[in-house]
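Hi there,

Here is the structure I promised to pass along. Have a look at it first, and then read on for my notes.

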Amino acid sequence: QVQVVESGGGLVQAGGSQTLSCTASGRTLEQYTMAWFRQAPGKERDFVARITWAGASFYADSVKGRFTISRDNAKNTMILEMNNLKPEDTAVYYCAVGALSSTYQRFYNYWGQGTQVTVSS
């Protein structure tokens, strides 16, 4: 079993920056992809970004150019650096781990509890 824990959420003003972290533990994650999803109030959970074991990254159009995803395989951690935040970025952000590199939730086996990011206007 894999345990996934996010941290780093909170309140930030529009135009500001925030960094989220995700740590996975419990088994080796070699070749696994790590990803971020988010769920805004009243909306479905959406893909944000993902990064493969080899470091290949992919972003949703809504965050491209503003968010940067990275990972440290030795520490089983992933970072999401968020810049130029907008009120529409307000959501609960979830870290996910899966064997396939995908933008679809169903391909991710392990999920964190989520961390709230609130962007004030």
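This is a predicted model: local features need pLDDT of at least 70, side-chain atom pairs count only at pLDDT 80 or more; totals for chains, interfaces and linings use all residues.

The secondary structure of the protein chain comes to zero helices and eleven strands, so along the sequence you will read the pattern β-β-β-β-β-β-β-β-β-β-β. The radius of gyration is 13 Å, close to the 14 Å that the globule rule gives for 121 residues, so the chain is as compact as a globular protein of that length. Along its principal axes, the C-alpha trace spans about 40 × 25 × 25 Å.

How much of the chain is buried? Of the 121 residues, 44% count as buried. The accessible surface comes to about 6200 Å², and carbon and sulfur atoms account for 46% of that surface. As for contacts between residues at least 6 apart in sequence, 56% of them join residues at least 24 apart.

Now to the sheet. Four strands form an open sheet with antiparallel pairing, and their order is β1-β3-β8-β7. At the edges are β1 (3–7) and β7 (67–72), each of which pairs on one side only. From one strand to the next, the twist averages 15 degrees.

Strand β8 covers residues 77–82, and six bridges join β7 to β8, the two running antiparallel. Within this pairing, D72 stands opposite T77 in β8.

Happy to go through any of this with you.

Best wishes

Key
Residues are numbered from 1 along each chain as its sequence is written. Side-chain values use heavy atoms; hydrogens and water are left out. Two strands pair if DSSP finds at least two bridges between them. Axes are lines fitted to C-alpha atoms, for helices over the stretch in contact, and angles run from 0 to 180 degrees between N-to-C directions. The radius of gyration is taken over C-alpha atoms; the globule rule is 2.2 Å times the number of residues to the power 0.38. Buried means under 20% relative accessible area, exposed over 50%, partly exposed in between (1.4 Å probe, protein chains only). Contact means heavy atoms within 4.5 Å. Accessible areas come from the Shrake-Rupley method with a 1.4 Å probe; for residues, only the protein chains shown count as cover.
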